[in-house]
Amino acid sequence: MGEVARLLGEYGPAFGQALFLTWKLTVVSFVPGFLLGVVVTVLRLLPLPPLRFVLTLYVEIFRNIPGVALLIFIVFALPDLNVVIDYEPSVILTLALICSAFTADYLRAGINTIPGGQIEAALSLGLRPMRIVSALVLPQALRAVVQPMTSLLIALMLSTSLASQVPFPGRELTALVSKIANDSAAGIPAFAVAAAMYVATGLLIAWAGATLEKKVRILR
């Protein structure tokens with residue numbers, strides 16, 4: 001405990017900044033990733049087989065590709081195609097693409113839980129397909145996938161450590177631990193502090209997700 005106290009005394013502000021950067025990367029990648037996943041989900045509902053095939057391929061690729069491999073491709077391969085993206089947007093883009101694929105996959109599973117009779121009833125009332133999707137299908141699907149999306153948000157928060165693999169402007173928690181380990185013999189205490197921050201953040205997200213799920217749960 002004494003080593004941890006000394007470490008916090010010396011690097012306390014740095015850990016605060018690193019934690020804030022981790023939270024920032026989580027939010028700014030989750031929001032566009034979630035919205036893109038919703039769009040992909042809606043487009044996959046359209047009766048257009050070629051579009052469905054392309055979007056299914058998109059989901060499967062970004063759902064199964066390792067995050068570090070995707071980041072390396074964006075940072076080091078895209079410049080060969082005259083597409084240069086700064087390091088911070090590259091990390092955000094990587095996380096957002098992966099998030100969108102998992103969101104689309106979870107929402108599709110959520111849609112499958114909706115009884116077909118509800119959609120048939122809506123069609124019999126003369127509602128347009130897109131109106132049915134926006135007013136009936138998506139709201140129920142979103143309520144059904146709160147827990148999977150909570151887990152996705154936690155995984156996304158942990159994946160912000162990808163920023164430590166590139167010359168990122170600023171240090172998130174993993175990059176800060178690496179720097180402390182290289183500069184001093186306090187690598188283990190630094191890891192312990194960072195791990196505690198990751199765990200605390202994950203527990204906070206899990207609590208928020210559980211609270212939200214209780215409020216929006218669909219009783220069948």
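Ala, Val, Leu, Ile, Met, Phe, Trp, Tyr, Cys and Pro count as nonpolar, Asp, Glu, Lys and Arg as charged, and the others, Gly among them, as polar. The model is predicted, with local features requiring pLDDT of at least 70 and side-chain atom pairs pLDDT 80 or more, while totals for chains, interfaces and linings use all residues. Residues are numbered from 1 along each chain as its sequence is written, and side-chain values use heavy atoms, leaving out hydrogens and water.

The protein chain holds 9 helices and 0 strands (DSSP runs numbered from the N terminus, helices being H or I with at least four residues and strands E with at least two). Its C-alpha trace spans about 70 × 45 × 20 Å along the principal axes.

Two pockets are described here. A pocket is an open set of points on a 1 Å grid over the protein atoms alone, where a 1.4 Å probe fits, with protein on both sides within 12 Å along at least five of seven lines; lining residues have an atom within 4 Å of a point. A volume is the space filled by probe spheres set on the points.

| Pocket | Volume |
|---|---|
| Largest pocket | about 280 Å³ |
| Second largest pocket | about 220 Å³ |

Around the second largest pocket stand 14 lining residues, of which Phe-30, Val-146, Met-149, Thr-150 and Leu-212 are the closest to its centre. Helix H1 (2-44), H6, H7 and H9 each give two or more residues to this lining, and H9 has the largest share, 5 residues. By class, the lining comprises 11 nonpolar, 2 polar and 1 charged residues.

The lining of the largest pocket includes Leu-45, Pro-47, Arg-52 and Val-137. Helices H5 (116-124) and H6 (129-144) each contribute at least two residues to it, and H6 provides the largest share, 5 residues. This lining has 11 nonpolar, no polar and 1 charged residues.

Helix H7 (residues 146-159) packs against helix H9 (residues 187-216) at about 165°, the axes lying 9 Å apart. Axes are lines fitted to C-alpha atoms, for helices over the stretch in contact, and angles run from 0 to 180 degrees between N-to-C directions. H7 and H9 are therefore roughly antiparallel (an angle over 145 degrees). In their contact (heavy atoms within 4.5 Å), residues of H7 including Val-146 and Thr-150 meet residues of H9, among them Leu-212 and Val-216. The contact residues divide into 11 nonpolar, 5 polar and 1 charged.

Key
Angles under 35 degrees count as roughly parallel, over 145 as roughly antiparallel, 65 to 115 as roughly perpendicular and the rest as oblique.
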